[in-house]
Amino acid sequence: MAANVGSTFLRIVLGAELLRLRDATGMTGDAAAKLAGCSGTTISSVEQGKTGFRRIEHLAKLLAAYGVDEDGQTMLMDMHRQSKGDDWWTTDISTMPSGMNLFLAMESGAKTVDAWVPGVVNGLLQTREYAHALISKAKAANDTTDSFVESAVEIRMTRQKRITEQGMKLNCVMDEAALANMVGSSKILHAQYDYIIEMMTNHANVTVQIIPKSANTYRATGGDFFILGFDPKELPKPSVASGTVDGETRVTSKERKANQFARRFEELVRGALPAHETPKFLQRLKKEV
């Protein structure tokens, strides 16, 4: 298990493994609940990663019934204990848009992220000044407070540690408009361009490609999206997070949806400039903005 993953992600991974183990035995949820000494509703909630067992004895009985060996039991029970803690963003949950809590949990455990952001710079690549200017401008429209703006900026800065400190791989495609749209001032934009170049130069796990406005190619017009990939030993399938017009974040692991977004990302990559041309493109853009 990767270091510093969120407690919510640990619950999701534990739940997925318990579901796999139960399916392997052919047991129903009610049968498993009877052996564990809890309700069928509890088994369902735990398997979906929504909650943990109130008593660790329930988990111990369940693992024994599933035939898990001693080492496996130790690992899963330790995961259960770790999942009881708070996530780093827990204090801000009440002010987050719908779906953001789950997205942050999944991102905390992701190994790779394929991202498309058409209108603004990807949040994982934003400077503090750019993020503050961007979120501040939305304050009146979204009826938020100054404290919300500061909290949202801090969350964005902390998320970037997944790239800079923990090695998560980011493959990002942005439309030229995302970079040319005025946010704050020309000074802020120029610093933002330099920061993207710096991230690509100093972090081999960061790839940025740009679709020029002159390119006659496919553009995903439905909004931004992130395809999150995981260690197959933790979660075998990718998840997709997509933004909505009203600011909500929808997360799904359905195979059909994940495949659909994967095809979209492949087309975006195909229509974008090669990554090695990104620094030169940004330097040219600095002269125009």
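What share of the contacts in the protein with a separation of 6 or more is accounted for by residues 24 or more positions apart?

## Overall picture

Residues 24 or more positions apart account for 73% of the contacts in the protein with a separation of 6 or more, where a contact means that heavy atoms lie within 4.5 Å. This is a predicted model, in which local features need pLDDT of at least 70 and side-chain atom pairs count only at pLDDT 80 or more, whereas totals for chains, interfaces and linings use all residues. Residues are numbered from 1 along each chain as its sequence is written, and side-chain values use heavy atoms, with hydrogens and water left out.

The protein has 14 helices and six strands, which are DSSP runs numbered from the N terminus (helices are H or I with at least four residues, strands are E with at least two). Taken along the principal axes, the box filled by the C-alpha atoms is roughly 70 × 40 × 30 Å.

## Surface and charge

Of the 289 residues in the protein, 45% are buried; buried means under 20% relative accessible area, exposed means over 50%, and partly exposed lies in between (1.4 Å probe, protein chains only). The accessible surface of the protein comes to about 14800 Å², and 50% of this belongs to carbon and sulfur atoms. Accessible areas come from the Shrake-Rupley method with a 1.4 Å probe, and for residues only the protein chains shown count as cover.

The protein has 35 positive and 34 negative charges, and their mean positions are 3 Å apart. In this count Lys and Arg are positive and Asp and Glu negative, while His and the chain ends are not counted; the place of a charge is taken as NZ of Lys, CZ of Arg, CG of Asp or CD of Glu. On the surface, Lys254, Arg256, Lys257 and Arg263 gather in a patch of positive charge. A patch is made of residues with over 30% relative accessible area and no salt bridge, with like charges joined within 9 Å and nonpolar side chains (Val, Leu, Ile, Met, Phe, Trp, Tyr) within 5 Å. Lys257 is found in helix H13, residues 255-271, and counts as partly exposed because its relative accessibility is 37%.

## Salt bridges

A salt bridge is a side-chain nitrogen of Lys or Arg within 4 Å of a carboxyl oxygen of Asp or Glu, and by this rule the count comes to ten. In one of them, the side chains of Glu47 and Arg22 meet with a distance of 2.6 Å from N to O. Glu47 lies in helix H3 and Arg22 in helix H1 (residues 7-25), so this pair ties together parts that are 25 residues apart in sequence. Both Glu47 and Arg22 are buried.

Another salt bridge joins Arg219 and Asp175, whose closest N and O atoms are 2.6 Å apart. Because Arg219 lies in the loop between E3 and strand E4 (225-229) and Asp175 in strand E2 (residues 169-175), the pair ties together parts that are 44 residues apart in sequence. Arg219 counts as partly exposed at 24% relative accessibility, whereas Asp175 counts as buried at 10%. Arg270 also forms a salt bridge, with Glu267, and here the closest N and O atoms are 2.5 Å apart. Arg270 and Glu267 are three residues apart in helix H13, so about one helical turn separates them.

## Single residues

Ile210 is found in strand E3, residues 206-211, and is buried, with a relative accessible area of 1%. Leaving aside residues up to four places away in sequence, Ile210 touches several residues, among them Met174, Asp175, Leu273 and Phe281. The C-alpha atoms of Ile210 and Gly271 are separated by 8.8 Å, although these residues are 61 residues apart along the chain. Gly40 and Met199, in turn, are 159 residues apart in sequence and 48 Å apart in space, C-alpha to C-alpha.

Asp143 lies in the loop between helix H8 (139-142) and helix H9 (146-159), and is exposed, with a relative accessible area of 71%. Phi of Asp143 is near 55°, a positive value in a residue other than glycine. Most residues other than glycine have a negative phi.
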